[in-house]
Amino acid sequence: MTNGRALDSFATARLIAERLREDHLADLIPLHLDPEVSRYLGGVRSAEATRDYLTVNLAHWEQYGFGLWVVKSPDGVFMGRAGIRHLWVDDVDEVEVAYTFAEPFWGHGFAGEVLVALVQIGFRQLSIPSLTGLVITGNGASRRVLERHGFKLKKESTFPGEPVMIYRLMNPAL
């Protein structure tokens, strides 16, 4: 585990990410209620399900010292969420990179930009041996982002009950 304080925030050229907090619930609820955004996240989440999601992800930070960040524009506009988190897939504890942006921010390269930052954090700061990208099979845009950034398709599976493609990137320093 690493010191979570060092990971409370990070920035890229066009994004500012801050550690997930309880007061981010108001931003997450509309993101999770959007059917276009949620179609590749296992479906729309109610406000209560989003509250549960927040609780689980706050606990992840406490347990591991890393997790999800809320992503904003430099002027403070909520754009989405991104993170590095443990996820059990096919009875294996994987460390997943994840990103979800509100629809107005699709197609502008933000997913790739945050993915580069997540990989650097995962490999350089956390010394994670490999990172996994889990993508619902129909999400071609997310698959292309992972592939453009060196992730290789390892297998197809289901999670939870949805057909997914599992990508992996190995830490070149280990």
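1. In this predicted model, the exposed residues T55, V56, E62 and Q63 lie on the face of helix 3 that is turned away from its buried side.

2. The buried residues of helix 3 are T50, Y53, L54, N57, L58, H60 and W61. Viewed down the helix axis, they fall within an arc of 150° and therefore line one face of the helix. Their packing partners are strand 2, helix 1 (25-33), strand 3 and strand 4.

3. The length of helix 3 (residues 47-64) is in agreement with expectation: at 1.5 Å a residue its 18 residues should span 26 Å, and the end C-alpha atoms are 26 Å apart. Just after the helix, G65 adopts a positive phi of about 80°.

4. Strand 3 (residues 68-72) is largely enclosed by the rest of the structure, because 5 of its 5 residues are buried. In a regular strand, side chains alternate between the two faces of the sheet. Here L68, V70 and K72 point one way, W69 and V71 point the other way, and all are buried.

5. W69 takes part in both pairings: it is the bridge partner of R19 and stands opposite A82 in strand 4.

6. Strands 3 and 4 form a hairpin with 5 residues between them. In the turn, G76 has a positive phi of about 90°.

Methods:
Residues are numbered from 1 along each chain as its sequence is written. This is a predicted model: local features need pLDDT of at least 70, side-chain atom pairs count only at pLDDT 80 or more; totals for chains, interfaces and linings use all residues. Side-chain values use heavy atoms; hydrogens and water are left out. Buried means under 20% relative accessible area, exposed over 50%, partly exposed in between (1.4 Å probe, protein chains only). Helices (H or I, at least four residues) and strands (E, at least two) are DSSP runs, numbered from the N terminus. Two strands pair if DSSP finds at least two bridges between them. The expected span of a helix is 1.5 Å times one less than its number of residues. The arc is that of the directions from the helix axis to the C-beta atoms. Contact means heavy atoms within 4.5 Å.
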